[in-house]
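The entries follow the order in which I looked things up.

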Amino acid sequence: MVRHYEGLGLLPPVARTDGGYRQYSEADIHTLRFIKRARDLGFAMEDIAELVGLWHNRRRSSARVRQIAQKHLTELETRIAALQSMQQTLSHLVQCCHGDTRPECPILDDLAGSA
């Protein structure tokens, strides 16, 4: 992934030893931790790239940072609502299914669109 981050411009090319091993500075490691935390929060790579740029720019406006985070939060809330709806539907279908030797199955009926 680190090479991928370099390719995206999230990290500058790093120095290498004579043996070809990358040598990361403390700043590089700090940036990698920033990227990891942003990924853990589910930000898209495009947003992470912009956030890294804003983070490094001490003359930034926090308004843009908030806008990126708010957009992501709204997307997460939409996905969570969709997942909760799916959970409720499946929970209901599982409760309605007898789970015995009968061929009738409300789960299959729902999936087939005949419920």
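I took accessible areas from the Shrake-Rupley method with a 1.4 Å probe, where for residues only the protein chains shown count as cover. On that basis the protein exposes about 8,900 Å², of which carbon and sulfur atoms supply 55%.

Before going further I noted that this is a predicted model, in which local features need pLDDT of at least 70 and side-chain atom pairs count only at pLDDT 80 or more, while totals for chains, interfaces and linings use all residues. Residues are numbered from 1 along each chain as its sequence is written, and side-chain values use heavy atoms, with hydrogens and water left out.

**Entry: overall form.** I looked up the secondary structure, taken as DSSP runs numbered from the N terminus (helices are H or I of at least four residues, strands E of at least two), and found 5 helices and 2 strands, in the order α-β-β-α-α-α-α from the N terminus on. The radius of gyration, taken over C-alpha atoms, is 23 Å, whereas a compact globule of 115 residues would have one near 13 Å by the rule of 2.2 Å times the number of residues to the power 0.38. Along the principal axes, the C-alpha atoms fill a box of roughly 70 × 40 × 20 Å. I also noted that 17% of the 115 residues count as buried, with buried meaning under 20% relative accessible area, exposed over 50% and partly exposed in between (1.4 Å probe, protein chains only).

**Entry: two loop positions.** I found Ala 44 in the loop between helix 2 (26-40) and helix 3, where Ala 44 counts as partly exposed because its relative accessibility is 40%. Ala 44 is 28 residues from His 72 in sequence, yet their C-alpha atoms are 8.6 Å apart in space. Is Gly 19 buried or exposed? Gly 19, in the loop between strand 1 (15-16) and strand 2 (22-23), is exposed, with a relative accessible area of 62%. The C-alpha atoms of Gly 19 and Gly 9, 10 residues apart along the chain, are separated by 24 Å.
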